[in-house]
Amino acid sequence: MAVENGAAAMAVTVTGTRTVAPAKTKVTLATFDLPYITFYYNQKLLLYRLAPGAGDFQDVTARMADALGDALAYFYPLAGRIRQEKGDGGALYVDGEEGAEVVEAAAEGVSVDELAGEACGEEAERLMQQLIPYTGVMNLEGLHRPLLAVQFTKLKDGLAVGCAFNHAVLDGTATWHFMTSWAELSRGAAAPSVLPVHNRAMARSIRVSLTLPASAEAHEATDPNGPKKPLVARVFSFPEDAVARIKAAANAVLPPGAKPFSTFQSLGAHIWRAVSRARGLGPADITVFAVFADCRARLDPPVPAAYVGNLIQAVFTGVPAGMLLGGPPELAAGMLQKAIDEHDAAAVTRRLDEYEAAPKLFHYSDAGPNCVAVGSSPRFRVYDVDFGFGRPARVRSGGNNKFDGMVYLYPGRGGAGGIDVELALQPEPMQKLEKDDEFLQVAAA
């Protein structure tokens with residue numbers, strides 16, 4: 001009898017059965033993301049030469065498209081759409097698996113050298129903008145458009161890869177993490193070498209309600225800066241020795257024990273002073289320098305470098321042009337250093353608190369008067385994006401989010417510490433800058 005009771009006590013009774021599916025891909029946009037909902041898609045262009053044996057255009061792009069699908073399985077927010085919770089001013093989130101848009105095009109009368117060469121003229125600049133999708137498309141339109149669009153364009157001797165990323169979903173660090181991962185998968189890797197981190201609560205867990213404009217056009221009609229001004233874009237290449245001289249000049253008279261200026265601070269000061277000269281600013285005219293600083297390491301605790309989302313904040317400093325141009329290079333470099341160093345975890349949190357208390361919709365040109373603004377980093381390894389047929393011959397930015405004084409910094413194509421400065425200015429100041437010996441003698445050395 002004891003045995004029978006023991007057997008009954010050890011019996012297994014099934015109490016229910018269900019099917020478990022993978023977690024939904026919903027990602028709530030964090031406070032860091034929301035200011036960019038009324039900016040524009042972030043556009044990047046990579047130009048590649050296709051050597052004999054690399055495969056024809058259709059084979060190459062088919063392999064890249066297959067790898068793109070694999071990459072989106074890891075970077076799944078880019079395959080969804082932006083949505084808003086029900087109710088007035090609900091929180092924004094990304095969900096779904098609708099996928100990215102892929103376009104194929106041809107410009108077989110154009111060679112890579114015509115677009116990637118140092119003497120890239122106005123016609124080539126205009127053509128390059130046609131190689132990137134979603135020009136003039138606001139991030140707000142991610143509510144009904146893909147969050148990633150890719151255009152493969154067949155050139156005479158190569159391939160143009162134009163990409164448009166919804167800037168409300170990810171920043172530059174995450175963009176190049178995605179591009180590097182996509183290239184790895186295209187080369188045959190089983191998985192990205194660095195897996196993305198999608199937990200946005202690591203950066204900020206507060207849900208913010210936001211009332212969106214009726215349309216992109218309605219928002220632009222309220223821009224206090226007025227219609228977009230005609231701009232000219234140029235790339236100034238600073239080889240390693242020129243960068244070293246600029247840095248040495250900024251650090252030449254520092255007192256003993258003073259913190260040296262970084263390469264970014266030294267080059268940023270050089271660009272700021274030169275652009276201010278080219279604009280012909282009066283001594284009392286205020287000029288502002290802005291840098292979109294990565295806050296991953298600034299937060300307490302820090303957020304992993306592989307975090308996918310926006311984790312940037314604009315850091316500003318300003319000064320009358322007479323003081324900027326009348327002082328030595330170390331004055332401007334010191335202002336940049338001070339502003340960047342003071343933007344610590346407490347400053348980052350204060351900015352978030354202010355936004356959450358009074359959410360607002362920005363215009364991409366809200367950078368301040370007579371501004372020079374840097375929105376990329378030479379630390380991004382953009383020339384390591386190899387899809388299996390070599391490094392890009394040139395990496396450029398599209399026309400979106402460019403205003404008078406917008407700067408993108410990229411590592412030099414030749415590596416070894418050089419830096420390419422992509423700069424947008426109004427035509428007259430750009431003409432003056434191109435003739436500024438103080439600026440160009442270093443660049444051309």
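Residues are termed buried when their relative accessible area is under 20%. In this predicted model, the buried residues of helix α10 are Ala332, Ala333, Met335, Leu336, Gln337, Ala339 and Ile340. The elements that cover these buried residues include α7, α8, β9 (286–294), β10 (312–320) and α9 (321–326). Helix α10 itself has 14 residues, and the distance from its first C-alpha to its last is 20 Å, close to the 20 Å expected at 1.5 Å a residue. An α-helix has 3.6 residues a turn, so residues three or four places apart point the same way.

The side chains of Lys259 and Asp341 meet with N to O at 3.0 Å. Asp341 belongs to helix α10 (residues 329–342), whereas Lys259 is in the loop between α7 (240–250) and α8 (263–278), so this pair ties together parts that are 82 residues apart in sequence.

In total, 26 salt bridges were counted in the model. Side chains of opposite charge can pair when their charged atoms come close. One of the bridges joins Arg204 to Glu356, with N to O at 2.7 Å. Arg204 lies in the loop between α5 (172–186) and α6 (216–220), and Glu356 lies in helix α11 (residues 345–357), so the contact ties together parts that are 152 residues apart in sequence. Arg204 and Glu356 are both buried.

A further salt bridge is formed by Arg296 and Asp294, whose closest N and O atoms are 3.0 Å apart. The two partners fall into separate accessibility classes: Arg296 counts as buried at 3% relative accessibility, while Asp294 counts as partly exposed at 33%.

Helix packing was examined for α2 and α5. The axes of helix α2 (residues 57–74) and α5 come within 8 Å and cross at roughly 125 degrees. This angle makes α2 oblique to α5, and the crossing is right-handed. On the α2 side, the residues in contact are Arg63, Met64, Ala67, Leu68, Asp70, Ala71, Leu72 and Tyr74. Their counterparts in α5 are Phe178, Trp182, Leu185 and Ser186.

Definitions and conventions
Residues numbered from 1 in each chain as written. Predicted model: local features only at pLDDT ≥ 70, side-chain atom pairs only at ≥ 80, totals over all residues. Heavy atoms only, no water. Salt bridge = Lys/Arg side-chain N within 4 Å of Asp/Glu carboxyl O. Helix = DSSP H or I, 4+ residues; strand = E, 2+ residues; numbered from the N terminus. Buried < 20%, exposed > 50% of the residue type's maximum accessible area, 1.4 Å probe, protein only. Expected span 1.5 Å × (residues − 1). Contact = heavy atoms within 4.5 Å. Axes fitted to C-alpha atoms, helices over the stretch in contact; angles between N-to-C directions. Parallel < 35°, antiparallel > 145°, perpendicular 65-115°, else oblique. Left-handed = near helix turned anticlockwise from the far one by under 90°.
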